[in-house]
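Hi there,

Here is the structure I promised to pass on to you. Please have a look at it first, and then read my notes alongside it.

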Amino acid sequence: MASPTPSPRLFQNLSPAQVERIQALGRRIGFIKGRVVFTEGQPVTEALLLTEGRLAMTVSEGDERCIVGDVWPGELVGERAFFDGAGVHQVTVTAAANSRALFLDRAAIAAIEDSAAMASIQQHMVRTLLRRLQGTDLAVRKAWQEVRAAEAKALAGDLPPAEERVPLAISVRNIFNKILGGAK
Amino acid sequence: MSIPSIIASKVLIERHNLDPRHAEPLALVFERCIVQQVPSERVICDEGGSAAELFILLTGRVGVRKKDYQGVSKDLAEMKAPAVFGHMALVGKSLRTATCYARTDCQIAWLGHKLFDTLMDEPGDQGKAFRWLVISSMLMQHGKGAREIQHLLGHAQRVDIEELEIAKLSATLHGW
């Protein structure tokens, strides 16, 4: 698997002693591909730092699922655990490849919160969230462009009637899965 | 400290589920900003314009509008004080993706990009509180975006889609 060094992007501004301390505070867990890590609606009690592999974030509606984000080594999931009243997970997180992660519970987070490492971790969280939001936004706009192109073809008489065309939701799901579920 | 800074800080701390001990440092951050009265209808930032500041809406309401693919401006959202906006363009060092304007007379604290960069690096309490506010805002955007995508999936048989729905979703994710 890729990324032999745990979470290089998170730890790039930390001293070896700070890295060691964070790793000692966490709980290491491995996941095989397909394993559900967090479920939509489950209370947020821990943050996860992915050290190897890849995770997919999905939302469901009935039996259908749609990828709305991805997680790469060095990125955090469950950042809400750093906040009071963390609430519940708003997406389901699944291992998209065999993965390893460091779980940080509230006690570990409290210990980190008061450490000198916190500024670096916060900066890293901002960068991670920016990438996640931009990726999902890109997928939304591509889905919309595809739908618009299909509508233009339909108006020109090049496509079958509306009832035979690909509905928006399917198109959105296909685009999201293609962009966010594919290789980086 | 000024009353609007203290109130805005307390309400934002509560709304974003931040540790209450961040309230005072956050109010001090607001005190480092330039506070201006903005009359109703005045444009605060322009779609496509460069991003030089983040805004903290202390009082009043702000509207968000964006041009569709035909160039027609559409209203997408309204923010009520206290609220933070304009951070995404600073974080991503990108252009404004929507126009924000005062819907009522407003009091707005302008946090310039130099202060923004300073706060993002500052190790003290003010920097830490400010970064938590930015992170929480981005987490809320992602959560809201995921719910809106879920809503779209709930209409699996639709082939007719309003561009406005996609524009609102995109705006939620991208911020302004």
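Below is what I found, grouped by topic.

Please keep in mind that this is a predicted model.

**The cysteines**

A disulfide is a covalent bond between the sulfur atoms of two cysteines. How many disulfides does the structure hold over all chains? The count is zero. B:Cys33 is in no disulfide, and the nearest cysteine sulfur, which belongs to B:Cys45, is 15 Å away. B:Cys33 counts as buried, at 10% relative accessibility.

B:Cys100 is buried, with a relative accessible area of 0%.

**A sheet in chain B**

Strands of a sheet pair through backbone hydrogen bonds, either parallel or antiparallel. In chain B you can find an open sheet of four strands, in the order β2-β7-β4-β5, and the pairing is antiparallel. Which strands form the edges? They are β2 (43-45) and β5 (73-80) of chain B, each of which pairs on one side only. On average, neighbouring strands of this sheet are turned by 30° against each other, direction ignored.

With strand β4 (residues 61-67) of chain B, β7 pairs in the antiparallel sense over four bridges. Here B:Val64 stands opposite B:Cys100, and B:Gly63 stands opposite B:Tyr101. With β2(B), the strand β7(B) also pairs in the antiparallel sense, over two bridges. On that side B:Cys45 stands opposite B:Cys100.

Where do the side chains of β7(B) point? B:Thr99 and B:Tyr101 point one way, B:Cys100 and B:Ala102 point the other way, and all are buried.

**The nonpolar cores**

The largest nonpolar core has 53 residues. The residues with the most contacts inside this core are B:Ile56, B:Leu111, B:Phe116, B:Phe130 and B:Met138. Which helix gives the most to this core? It is helix α5 (residues 125-153) of chain B, with eight residues.

Leaving aside residues up to four places away in sequence, B:Phe116 touches B:Leu54, B:Leu90, B:Val91, B:Leu111, B:Phe130 and B:Val134. There is also a second, separate core of 21 residues, which includes A:Cys66, A:Val93, A:Val140 and B:Ile149.

**The salt bridges**

Side chains of opposite charge can pair when their charged atoms come close. Over all chains, the structure holds 12 salt bridges. Here are some that I looked at.

A:Arg100 forms a salt bridge with A:Glu52, and their closest N and O atoms are 3.9 Å apart. This pair links distant parts of the chain: A:Arg100 is in strand β8 (residues 99-105) of chain A and A:Glu52 is in strand β3 (residues 46-52) of chain A, 48 residues apart. Buried or exposed? A:Glu52 counts as buried, at 17% relative accessibility, while A:Arg100 is partly exposed, at 47%.

A:Arg131 forms a salt bridge with A:Glu75, with 2.8 Å between the closest N and O atoms. This pair also links distant parts of the chain, 56 residues apart: A:Arg131 sits in helix α4 (residues 118-155) of chain A, and A:Glu75 in the loop between β5 (64-71) and β6 (76-77) of chain A. A:Arg131 is partly exposed, with a relative accessible area of 23%, whereas A:Glu75 is buried, at 1%.

In chain B, the side chains of B:Asp117 and B:Lys93 meet in a salt bridge (3.9 Å, N to O). B:Asp117 lies in helix α4 (residues 113-121) of chain B and B:Lys93 in the loop between α3 (87-91) and β7 of chain B, so the pair ties together parts that are 24 residues apart in sequence. B:Asp117 is partly exposed, at 34% relative accessible area, and B:Lys93 counts as exposed, at 66%.

Finally, B:Arg61, B:Asp75, B:Glu78 and B:Arg103 are linked in a network of salt bridges.

Enjoy exploring!

Best wishes

Terms used
Residues numbered from 1 in each chain as written. Chains lettered and ligands numbered in written order. Predicted model: local features only at pLDDT ≥ 70, side-chain atom pairs only at ≥ 80, totals over all residues. Heavy atoms only, no water. Disulfide = S-S within 2.5 Å. Buried < 20%, exposed > 50% of the residue type's maximum accessible area, 1.4 Å probe, protein only. Pairing = 2+ DSSP bridges. Axes fitted to C-alpha atoms, helices over the stretch in contact; angles between N-to-C directions. Core = buried A, V, L, I, M, F, W, Y, C linked by side-chain atoms within 4.5 Å. Contact = heavy atoms within 4.5 Å. Salt bridge = Lys/Arg side-chain N within 4 Å of Asp/Glu carboxyl O.
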